[in-house]
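Good morning, and thank you for making time on the agenda. I shall present one structure and comment on selected local features of its backbone and helices.

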Amino acid sequence: MQRKYWIKSLDKARLSRRQMLRGTAGVAVGLGGLAIVGCGDDDDDGGGGGGDGETNGSPTASSSDIKRGGELVIAIGEQPDGLSGSLNDSGKFDTFWQQIYNCLVWFDDNMVPTPDAAGLAASWERTDDTTWLFTLKEGITFHDGTPFDADAVVFNVERILNPDTEAPAFAQWDPVFAGAEALGQYEVQFNLKRPDASILGLLSDRGGVMESPAAIELYGNDGIKENPVGTGPFKFQEWIKDDHITLARFDDYKADGDGAYPYLDSIKWQIIPTETVLVEALRAGDVGFADLPIGAVEEFESDENFTVQRKDGLGWLGWFLNCNLPPLDDLRVRQALAYSIDRDRLNELSYNGQSQPAVGPIWAALGDYYSPDLQGQTYDPDRARELLEEAGYAPGEVQIEISATPPAGQAGYGVAGEQPEVVVQQMAREVGIEIEITPVGPDTFDRFWFVEQNLHGYSSGYSLRSDPGDMMFATYHRDGTYNAGHAEGDDPTKGSFDTVSDLIVEANSEYDVATRKELFNEAEQLIIDEVRSLFLETNFRVVAFNKKYDGFTFYGAGKGSYRMMHEV
């Protein structure tokens, strides 16, 4: 969701661990719909194994001992809007991302970019402040047989940088990348418009997803959403709209090994939008894997037929706010809203006490860039009422509208009791703020938030990235993709919008981690003080799968990789 920049030189030295910079969750049986059919299954086994930089559930047996074949059925609450890696910005797509595609750069479990992970670059170095040289892994092909080489990388880069593509990453990429050129079959030079410390983070996010040039030429930008072709461990097989999506094993997968992965023949995502039905389907064995609602965790932990895994620190949950839309254009109203929230009570009512309060946009999992010293608003309803009075509002006069996903679509998002938006609504009412909660799906969300911009905010959050610059730019820079109001200027009654934007740009233009941290933390404190977002809780993920399977891995950002899963 953002952009980035830097200033110092490393004299063509390959980046060290710290210099590489620490950057970046839902399903019973639906009715059949439109059938979209792609590549079929292949049954040949692969060869040996390779490193992947992941933890939390790797197979204990050697790859030669692992059973191959079979199908895993995964329950999800909603289907994605499409399956093109570069054209998708929805969280519902995340479960498919690392199965169909590889990014140019990937990271280890500590969110540090490394060539040893499942990325497509074998190495990289910064030759000067605005030039980066990437050497690609050899012998990799796309699912349609198209070779992955420097020309394919240049094609993908130019496509993202073309505004007509309407790629979500364009807003982050355009200020940074001047372009890319092939220097050889497996060498690509990235030319930057300015020094930028976040490019490894950008290339490990959706803009860095490599898609088959031949498939894009064949299907076009609309067709590729339903005919995805990447280099990942599984290839697209079938999408029955509103029912299921199936991927088949890609036997020539070599991005992070010599062909051992994946072990399963196929993965099928069964769309089950009702949480209670999802849990029953998992319990009955109709599906083998699902994200758990927190209220079901204890049950499955005590069931010897299931493995339960949890990953914490995956981002923050809260509300993005439109600071240009009255009455939230008044800083005091936003601050009053923040002071009305008892985060400990929210945690107990909505998350069974399983989460942690969030303070700001950069959290502990981002390591070098996290500051425990930042302070946010604590629960103080009297102060909230004072601020509203100062702003000239009587109790009940402040009325705002927030969008939220309907509760039926919340499977896998950790909701245990009351819907979090309802809890916040009740708390805000106690100080005189009236909140209308508008349930919206992805089709109406984009129109309300990005086009008409007539919502005061939306309930969501931001998931972990390998670099903070992407998130900081996209959400808090005046030109950021997820900054709906695009408020600008500096006004003590509204906010320090230009100052925050400039600090983010300066931080992203700085190659020194310590200096970059200082700049980000300064911007963070302003964002917190001025309540640019309503930070509520930290995100976590709990999954359960039948013990007939093993090998599920969380990668650093908490998303899932199924390439090492296998039947026991």
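Predicted model: local features only at pLDDT ≥ 70, side-chain atom pairs only at ≥ 80, totals over all residues.

I start with V531, found in the loop that connects α15 (513–529) to β17 (533–546). The phi of V531 is positive, near 50 degrees, although the residue is not glycine. Most residues other than glycine have a negative phi, and most peptide bonds are trans. Is V531 buried or exposed? Its relative accessibility is 2%, and since the cut-off for a buried residue is under 20%, V531 counts as buried.

With a relative accessible area of 30%, H486 is partly exposed.

A further backbone feature concerns the peptide bond from P326 to P327, which is cis, with omega near 5 degrees. P327 belongs to the loop between β11 (306–321) and α8.

I turn now to helix packing. Two packed helices are described by the angle between their axes and the distance between the axes. For α13 (residues 468–476) and α14 (residues 497–508), the angle is about 155 degrees and the axes are 10 Å apart. Angles over 145 degrees count as roughly antiparallel, and α13 and α14 are therefore roughly antiparallel to each other. Their crossing is left-handed. Which residues make the contact? From α13 they are G469, M472, F473 and Y476, and from α14 they are V500, S501, I504 and N508. By class, this contact has five nonpolar residues, three polar ones and no charged ones.

Next, helix α10, residues 381–390, in which P381, A384, L387 and L388 are buried. Viewed down the axis of α10, these buried residues fall within an arc of 120 degrees, so they line one face of the helix. The face turned away from that buried side carries the exposed residues D382 and E389. What do the buried residues of α10 pack against? Their partners are α8 (331–339), β12 (398–404), α11 (420–431) and β13 (433–439). After α10 comes G392, with a positive phi near 90 degrees.

Finally, A260 sits in the loop between β8 (244–249) and β9 (266–271). A260 counts as buried, at 2% relative accessibility. A260 and M564 are 304 residues apart in sequence, while their C-alpha atoms are 8.9 Å apart in space.

Terms used: Residues numbered from 1 in each chain as written. Heavy atoms only, no water. Buried < 20%, exposed > 50% of the residue type's maximum accessible area, 1.4 Å probe, protein only. Helix = DSSP H or I, 4+ residues; strand = E, 2+ residues; numbered from the N terminus. Arc of directions from axis to C-beta. Contact = heavy atoms within 4.5 Å. Axes fitted to C-alpha atoms, helices over the stretch in contact; angles between N-to-C directions. Parallel < 35°, antiparallel > 145°, perpendicular 65-115°, else oblique. Left-handed = near helix turned anticlockwise from the far one by under 90°. Nonpolar A, V, L, I, M, F, W, Y, C, P; charged D, E, K, R; others polar.
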